[in-house]
Amino acid sequence: MSAPSDTDQRSWWRRNQMRAAPWLFLAPGIAFFALYVVFPIFQSFQISLYRWDGLGEARYIGLRNYEDLFDDPAFYTSLWNNVRWLVLYLLAIPGGLFIALFLNQQVRGIRLYKSLFFFPFVISQVVVGLVFAWFYNPSIGLFNPLIGLFGFSPMNVLGNPNTVTYGIIAAGLWPQVAYCMILYLTGLNAVDPEQVEAARLDGAKGWPMLWYVILPQLRPATFIAVVVTVIGALRSFDMISVMTNGGPFGSSRVLAYYMFEVSLSEYGFRMGYGAAIAVILFLIMLVYIAFFLWRMWREERGY
Amino acid sequence: MRFTFKGALAALVTSTILAGAAQAELTGDLRIFFNDQNPAPKEAMEGMVERFQAMHPDLNIELTLIDREANKTQIRNYLTANAPDVNGWYAGNRMRPYVNAGLFEDVSDLWDGPMGDDLASTRPALTLDGKQWGVPYSYYQWGIYYRQDIFDELGLSVPATWEEEKANCQVILDSGRKCYTIGTRFLWTAGGWFDYLNLRTHGYDFHMALTAGEVEWTDDRVRETFANWRELIDMGAFIDDHTAYTWQEAQPFLVNGDAAAYLMGNFLVAPLREAGLTDDQLGFYQFPEITPGIPMAEDAPTDTLHIPAQAQNKEAARAFLQYVASAENQTIVNDVLGQLPINRNATVADDKFIQAGFEMLSNAEGGIAQFFDRDTDAEMASAGMEGFQEFMVMPDNLDAILTRLERVRQRVIAD
């Protein structure tokens, strides 16, 4: 410790302390990540090659589960709904941005308004789902009288295969917009007032001001908003489960829900089939994860 | 009723204590997982345990009540790890996954005794692979619960044939009401309609062959069943937007008089009474005949108790099941539940609907089915009921639905 010359006499630990320490700190995290995330991924790959009811003996059937899957109309319905979720859920980002811009002013009681707008994000997704299910209920819900005011005829939003997914996405957007709003509100605090001032002197206002001056400064907030919204769209499971159970006749399922339904729900005993769906879902997400990692890596290098 | 009942109860407890003393004394723990937390079933089960405890004071009984829906998924975990000594489940093919995996104890020895004769009516429902796997404690009838006052107002009488049923329905529709309320959000309610239409169109044997996977779904006879169903759908007999409602949310239509009838199990009576319908307003009739001459068969789902294969105290569990099956116990339990006892020596409660159900089921010459999702394989049940719901909304999709169901059947029987 004292003299730098006698390095060879120090113990291994003392010599390698600096290099070993980060790994030691990481070890518990790596161990649990490997056990609960990495290992199950490979296990899913393995189970997807078997026919297994989760109770008895598993039987190896090769790629049969995948063949069944690509032949299964319910799979394509779920996949298509996943795409709808991904695309429409992104509306939360502009929605959140405009509410944030609107609320980013110094008025008496603005904190109260901000917290009211943020409120839906605080409620559990399950509660949001329940509230919207009542809202849409054709016999007692407020939705039909509401659209009746504008001259529309009553709708059975959650019971109609053509509208059900949009109905659930709308319910999901309510808290998600609030989440994006809070991200942008904090982002707006970091906007440099001098740049805004300079832009104003150059005659920028309205849309050009927003597009060329404010938005570039909000890039980090936008990035996080995209990430959390995409993740939110992919874990839409709970809302679907609460609001429709995937129905009517399976038209509001997404892949995650379908996986649960075939393998773990009341009548679900097809673990191998569920695992095959999980593998497909994983591969789809891998594209997104790869993009995310690539982007992180690029940013680390400082472009 | 209650007062005479209490007297009977006191007499019973004394007699059962005497009977208990004669048996070998049971010791150790008896862990029971029961699958219902609703007030009546809870009271019934707790009463059962209390009386059994009185017979075996040295036994340490531990009762856990699990939510009905939660139990349907939890059963897989608790049967494979840390199993209780007794658990609640259902008869018919719904036992199949657990029987195949060797997770239920074979209790044929109990059925070989005198108990088997007392419970004879449900022996087929508890039998898989030639052995019995559990003991029933209660069952209930299905049928059409209707608004007597509306029928009286429109001058209708209880229909006995399909033609009369449809004629009645037309009168009801003309009066600005719907004939039937139903909530298909959780699918199984549509399974009840399919069961009855199929049982009445082609009889018990065909229905059981179909649910056992022995008949193709694209068979013409299946199409005939759906054609009968379609007659009602095309008339507009069912309430609108039923896909959005649960079976409970469909009740107000009957209570408010917007619909005249409800095909349902007898558990419907309690919530309707609570909602304010009197026994003068609410009636019950058997699902009418469709194809003349076919013996009437009924749906009567049976609730059961089982011994997990990994149970620790099987001796006590067997004694408990034997007590559960006894006439005394079944009389008391089903009076609390408002359902029917299975033991033929038990007394049926003095209630309009229970009596009607008892009479109907005693004369069910065709046979007694469990219910669509208990008679079929699990995968077939889920695909089937989803198809029924789709058919009720889009009857023109029938071909696609039946092709899909046939593909599921092929896969299920291939295993």
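Student: How many residues of chain B are in contact with chain A?

Tutor: Two residues are in contact if their C-beta atoms, placed from the backbone, lie within 7 Å. Here 23 residues of chain B are in contact with 20 residues of chain A. Keep in mind that the model is predicted: local features need pLDDT of at least 70, side-chain atom pairs count only at pLDDT 80 or more, and totals for chains, interfaces and linings use all residues. Residues are numbered from 1 along each chain as its sequence is written, while chains are lettered from A and ligands numbered from 1 in the order in which they are written.

Student: Which helix gives the most to the side of chain B that touches chain A?

Tutor: Helices are DSSP runs (H or I, at least four residues), as are strands (E, at least two), numbered from the N terminus. On that side, α19(B) gives the most, with eight residues.

Student: What about the strands β1 and β2 of chain B: parallel or antiparallel?

Tutor: Strands pair if DSSP finds at least two bridges between them. Seven bridges join β1 (residues 28-34) to β2 (residues 59-65) in chain B, and the two run parallel. B:I32, for one, has B:L63 in β2(B) as its bridge partner.

Student: And where are the domains of chain B?

Tutor: Domain bounds come from an automatic or database domain assignment. For chain B, this assignment gives domain 1 (2-139 + 302-345) and domain 2 (142-299 + 367-414). Their centres, taken over C-alpha atoms, are 31 Å apart. Ten residues from domain 1 of chain B and nine from domain 2 of chain B make the contact.
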